[in-house]
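Colleague: I would like to go through this model feature by feature. Please give the general idea each time, then the case at hand.

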Amino acid sequence: MQQNIDAWWPYIEQGCEAIVMTASGCGSTVKEYGYLLRNDKAYAAKAAKVSGLCKDIAEVIAAEDLSAWKNLGAGNSIAFQCPCSLQHGQRLSGVVESILQQLGYTTPVVSDAHICCGSAGSYALLQPELSQQLRQHKLNALKAAQPDKIVTANIGCQLHLSSKEQPVNHWIELLAEQIDNV
């Protein structure tokens, strides 16, 4: 945490507006730096500033006018796996789905969306059997509506859920791919 703060601090002193996170698990942690380092005399104030500047990329995009891209995803059905770190840690449930819908994607409702995919940091290593059961349950729920693609917002979930048979991408990769094809 201190190394990250030190790396970002020159940019903060130059007036950066936000520290944008693309991995929701990382964002959840960085948003907690202020709390985690609250008793560190050398870093408490800096950590609080960093936490205040941290934004998930969905927060940044949701604040923009997306009307020029309203047909970007037309005709595509996207199942979004909302990571625990995004829905519980950052309390940003529905934000990515709203963005995707504004861009013309269809986002089917995923049953049991509040249940973990089984990755949860080291959980997949410490509880492999239960982790695999959760993974299969999540994949079944995501595939139920037969979407064109499955996307998520956290690299741990993406790695845990993805396979050759069923690739899972980060939702920003999806948008980048669609924009490149415009």
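Modeller: We will take helix packing, then cysteines, then some loop residues. This is a predicted model, in which local features need pLDDT of at least 70, side-chain atom pairs count only at pLDDT 80 or more, and totals for chains, interfaces and linings use all residues. Residues are numbered from 1 along each chain as its sequence is written, and side-chain values use heavy atoms, with hydrogens and water left out.

Colleague: How is a helix pair described, and at what angle do the axes of α1 and α4 cross?

Modeller: Two packed helices are described by the angle between their axes and the distance between the axes. Helices here are DSSP runs (H or I, at least four residues), as are strands (E, at least two), numbered from the N terminus. Axes are lines fitted to C-alpha atoms, for helices over the stretch in contact, with angles from 0 to 180 degrees between N-to-C directions. Helix α1 (residues 2-13) and helix α4 (residues 44-53) have axes that come within 11 Å and cross at roughly 70°. The two are therefore roughly perpendicular to each other; angles under 35 degrees count as roughly parallel, over 145 as roughly antiparallel, 65 to 115 as roughly perpendicular and the rest as oblique.

Colleague: Which residues make the contact of α1 with α4?

Modeller: From α1 come Ile5, Trp8, Trp9 and Ile12, and from α4 come Lys46, Ala47, Lys49, Val50 and Leu53, where contact means heavy atoms within 4.5 Å. By class, that contact of α1 with α4 has seven nonpolar, no polar and two charged residues. Ala, Val, Leu, Ile, Met, Phe, Trp, Tyr, Cys and Pro count as nonpolar, Asp, Glu, Lys and Arg as charged, and the others, Gly among them, as polar.

Colleague: At what angle do the axes of α7 and α11 cross?

Modeller: The axes of helix α7 (residues 95-102) and helix α11 (residues 171-180) cross at roughly 15° and come within 12 Å. Therefore α7 and α11 are roughly parallel to each other. Val96, Ile99 and Leu100 of α7 meet Trp171, Leu174 and Leu175 of α11. The contact of α7 with α11 has six nonpolar residues, with no polar and no charged ones.

Colleague: On to the cysteines: how many disulfides does the structure hold?

Modeller: A disulfide is a covalent bond between the sulfur atoms of two cysteines. The structure holds zero disulfides, the criterion being a pair of cysteine sulfur atoms within 2.5 Å. For cysteine 16, the nearest cysteine sulfur is that of cysteine 54, 11 Å away. Cysteine 157 is in no disulfide either, and the nearest cysteine sulfur, that of cysteine 117, is 3.7 Å away.

Colleague: Is cysteine 157 buried or exposed?

Modeller: Cysteine 157 is buried, at 6% relative accessible area; buried means under 20%, exposed over 50%, partly exposed in between (1.4 Å probe, protein chains only). Cysteine 16, at 26% relative accessibility, is partly exposed.

Colleague: Where is glutamine 146 found?

Modeller: Glutamine 146 is in the loop between α9 (128-143) and β4 (149-152). Its phi is near 50°, a positive value in a residue other than glycine. Glutamine 146 is exposed, with 69% relative accessible area.

Colleague: And which residues does serine 77 touch?

Modeller: Not counting residues up to four places away in sequence, serine 77 touches Thr106, Pro108, Pro147, Asp148 and Lys149. Serine 77 lies in the loop between α5 (57-62) and β3 (78-81), and is buried at 16% relative accessible area.
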